Amino acid sequence: MPRITTGRLADVHVGEGRLVVLGATYFFFVMTSWFILRPIRDELAVAAGISRLPWLFTGTLAATLVCQPLFASLVRRLSPKRFIPIAYRFFLANLLAFYALTRWLPAADQTALGLAFFWWTNVFNLFVISVFWGFMADVCDPEQARRLFGLIAIGGTIGAIVGTAVTASLVERIGTVNLLLASAVLLELAVQTVRRFPERATGTATPSLGADPRPVGGGIWAGLTHVARSRYLAAIALYLVLYTIGSTFLYFEQADIVGKHIADRAARTAFLAWLELGSQSLTALTQAFVTGRMMKWLGVGVTLAVLPLASIGGFVTLATLPTIAVLTFVVVLRRASNFALTNPATEVLFTVVRREDKYKAKSFIETFVYRSGDQIGAWSFAGLLALGLTLPSIALVGAASSVLPLLIAFWLGAQQSAMARARAEGAEGDVAVTSGPPHPSAA
């Protein structure tokens, strides 16, 4: 396929331009919607205190467990361009309900509503983002993903910057509740963008680029069973669990340090928003100049290894100097590594699995498995505190937990490359995971 754009920022071939623009626009709306809400959620965590956070994470896992089979039932019956609007508008309706309840409920009931909002946002962000990347993995082949996912991800990073800037600059002027409406509008714009993706012509010798109009099919519990039967998918899940444990440890450290240094709630929300803004600004620069080149030249494995390395160094530094300045540095570095490098590289891993796994196994890993990692991290943190460990000592435990995902990263990179080569050499349809037993078509 001839190349039409070559330069520092892009390597886009003929017929891919529209998909890149639509993908980046879709991700922009999703991430702007979410990052308007994220500082609000984080402030609720700070206000609750680290002693209550394990229970907040338990509620999140329960909510995720309820939503996962409901989502799978949509996926098996409908095409992506049909089930994505349904899923997103469900969350949009939830946002409007939170807005109304915040306006109408008496102050005595606002605490319970805040807990529900914390649980809901933790389900919301994983589902809407996982659905986006599953859709893009369905649209793009492995070679396209290596070239284009970093470019597409820039749209989401700009959205994250816009969302956090909106919250940081407006929360003290218009109040938290009115920001929920802005988030809802942006989610609807994401739905309208999905509708504009061209549909792929199927049944031809050379299928056209675009969204596959066929239902995904399969069983409701296929995500669970396929992960259990595949070493490749299980390794992705383990990598994500270990990353999440480290993220949870850092989140608790953040809640404690920010709570001690900033007393005013609105000021805390603004600080957390500016913290996110710094992370996303560094992410945008990395995506523009590093991500695509790193995956193309060094491979997916090396790209995945950056985050564990950054985590080891960051946790050791935080253990030595547990100040708000060091916290800011560590959080910005780790989040930027995750958003700019780990997320696109992880999504490339899913381009070589069966189509059903791009939605079901992927969604299961990135929602239920991810939140299970939250649980392990939250209760492990609480247990370490109960044993008398200090926050700097727990930071060292976080550094130790980042060693194994460093090794997994290189193994996954080698497996993805081998499976992509097999697919390029003439495999028809979806490539089965070669490192484990073949998946059935339905479970």
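## A pair within helix α12

In this predicted model, Lys360 and Glu356 both belong to helix α12, where they stand 4 residues apart, or about one turn of the helix. Side chains of opposite charge can pair when their charged atoms come close. Lys360 has a relative accessible area of 2% and is therefore buried, since buried means under 20%, and Glu356, with a relative accessible area of 8%, is buried as well.

Helix α12 covers residues 355–386, and Arg371 is also found in this helix. Arg371 has a relative accessible area of 4%, so this residue too counts as buried. Although Arg371 and Val123 are 248 residues apart in sequence, their C-alpha atoms are 8.8 Å apart in space.

Another salt bridge brings together the side chains of Arg89 and Glu188, at 2.8 Å from N to O. Here again distant parts of the chain are linked, with Arg89 in helix α3 (residues 80–104) and Glu188 in helix α6 (residues 176–195), 99 residues apart. Arg89 counts as partly exposed because its relative accessibility is 32%, and Glu188, with a relative accessible area of 23%, is partly exposed too. Elsewhere, Glu347, Lys362 and Glu366 are linked in a network of salt bridges.

## How helices pack

Helix α5 (residues 142–174) packs with helix α9 (residues 265–297) at an angle of about 165°, and their axes are 8 Å apart. An angle over 145 degrees counts as roughly antiparallel, so α5 is described in that way relative to α9. The crossing in which α5 passes α9 is left-handed.

Helix α8 and helix α12 pack at an angle of about 40°, with their axes 7 Å apart, which means that α8 is oblique to α12. In this case the crossing is right-handed.

## A nonpolar patch on the surface

Leu238, Leu404 and Leu407 form a nonpolar patch on the surface, and together they have about 270 Å² of accessible area. Of these residues, Leu238 lies in helix α8, which covers residues 231–261. Leu238 counts as partly exposed because its relative accessibility is 39%.

Note on methods
Residues numbered from 1 in each chain as written. Predicted model: local features only at pLDDT ≥ 70, side-chain atom pairs only at ≥ 80, totals over all residues. Heavy atoms only, no water. Patch = residues over 30% accessible without salt bridge, like charges linked within 9 Å, V, L, I, M, F, W, Y side chains within 5 Å. Areas by Shrake-Rupley, 256 points an atom, 1.4 Å probe, with all protein chains shown as cover. Salt bridge = Lys/Arg side-chain N within 4 Å of Asp/Glu carboxyl O. Helix = DSSP H or I, 4+ residues; strand = E, 2+ residues; numbered from the N terminus. Buried < 20%, exposed > 50% of the residue type's maximum accessible area, 1.4 Å probe, protein only. Axes fitted to C-alpha atoms, helices over the stretch in contact; angles between N-to-C directions. Parallel < 35°, antiparallel > 145°, perpendicular 65-115°, else oblique. Left-handed = near helix turned anticlockwise from the far one by under 90°.
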